[in-house]
Amino acid sequence: MIIHTLRFAFRPETSEADKERVLAAIRRTASVESVSFSAVGQAVLNDPDDGYTHAYYFGIEDLAALERYMHDPVHLAGDPEIIPHFAKLHIGPDVSDDPDPELSAKIAAINDRKLAMYPEWKELMATIPELRFG
């Protein structure tokens, strides 16, 4: 099982209605076949000074499921609705019960393939003012 973590904060100009639409789009993405479980909502027990207000955690059974998730049409359609509203995004750290010492590199390779296949996604990710990994 791979547990993927995203913490984020909305841009100041994002209205409350837009925030609700973004969270709904994330929940749609979290409901795709490859996701075993998820939680989307307020970030709790955060350091208030880090500025992250919301989070998305989800479980993926294995690398094959992660590959399906990354290319799922629901996921691909949701990103243009979601990403423009992020002021900051922290991806990871992920957690896994898979003992494979190469797991991190394999996950990175899946992400790299998505970036290569969808240059518009790479451009969209570049619009996030503050983006962190790990």
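The structure is a predicted model, in which local features need pLDDT of at least 70 and side-chain atom pairs count only at pLDDT 80 or more, while totals for chains, interfaces and linings use all residues. Residues are numbered from 1 along each chain as its sequence is written, and side-chain values use heavy atoms, with hydrogens and water left out. Helices (H or I, at least four residues) and strands (E, at least two) are DSSP runs, numbered from the N terminus.

**The largest pocket**

- Rolling a probe the size of a water molecule over the atoms shows where empty space is left.
- A pocket is defined on a 1 Å grid over the protein atoms alone, as an open set of points where a 1.4 Å probe fits, with protein on both sides within 12 Å along at least five of seven lines.
- The largest pocket has a volume of about 780 Å³, where a volume is the space filled by probe spheres set on the grid points, which are joined across faces, edges and corners.
- The lining of this pocket consists of 37 residues; a lining residue has an atom within 4 Å of a point.
- Nearest to the centre of the pocket lie His4, Leu6, Ile91, Asn111 and Phe133.
- Helix H4 (residues 103-117) supplies the largest share of the lining, with seven residues.
- By type, the lining holds 26 nonpolar, eight polar and three charged residues. Here Ala, Val, Leu, Ile, Met, Phe, Trp, Tyr, Cys and Pro count as nonpolar, Asp, Glu, Lys and Arg as charged, and the others, Gly among them, as polar.

**Salt bridges between parts of the chain**

- A salt bridge is a side-chain nitrogen of Lys or Arg within 4 Å of a carboxyl oxygen of Asp or Glu. The whole structure contains nine salt bridges.
- Glu33 and Arg68 form a salt bridge, with their closest N and O atoms 3.1 Å apart. This pair links distant parts of the chain, 35 residues apart: Glu33 is in the loop between helix H1 (16-30) and strand S2 (35-42), and Arg68 is in helix H2.
- Glu33 is exposed, at 57% relative accessible area, whereas Arg68 is partly exposed, at 40%.
- Glu67 and Arg113 also meet in a salt bridge, at 2.7 Å from N to O. Because Glu67 lies in helix H2 and Arg113 in helix H4, the pair ties together parts that are 46 residues apart in sequence.
- Glu67 is partly exposed, with a value of 23%, and Arg113 is partly exposed, with a value of 39%.
- In the salt bridge of Asp79 with Lys114, the closest N and O atoms are 3.6 Å apart. Asp79 lies in helix H3 and Lys114 in helix H4, so this pair joins parts that are 35 residues apart in sequence.
- Asp79 is buried, with a relative accessible area of 7%, and Lys114 is buried, with 0%.

**Two aspartates in loops**

- Asp72 belongs to the loop between helix H2 (63-71) and helix H3 (73-82).
- Asp72 is buried and has no salt bridge; Arg68, the nearest side chain of opposite charge, is 7.3 Å away. For charge, Lys and Arg count as positive and Asp and Glu as negative, while His and the chain ends are not counted.
- The side chain of Asp72 does reach the backbone nitrogen of Val74, at 2.8 Å.
- Asp98 sits in the loop between S5 and H4 and is partly exposed, with a relative accessible area of 34%.
- A polar atom of the Asp98 side chain lies 2.8 Å from the backbone nitrogen of Asp100.
- Asp98 and Asp62 are 36 residues apart in sequence, and their C-alpha atoms are 8.4 Å apart in space.

**A cis peptide bond**

- Most residues other than glycine have a negative phi, and most peptide bonds are trans.
- The peptide bond from Gly92 to Pro93 is cis, with omega near 0°.
- Pro93 lies in the loop between strand S4 (86-91) and strand S5 (95-96).

How values were computed. Buried means under 20% relative accessible area, exposed over 50%, partly exposed in between (1.4 Å probe, protein chains only). A polar contact is a pair of N or O atoms within 3.5 Å; within protein, one must be able to donate a hydrogen and the other to accept it, and residues adjacent in sequence count only if both atoms are side-chain atoms.
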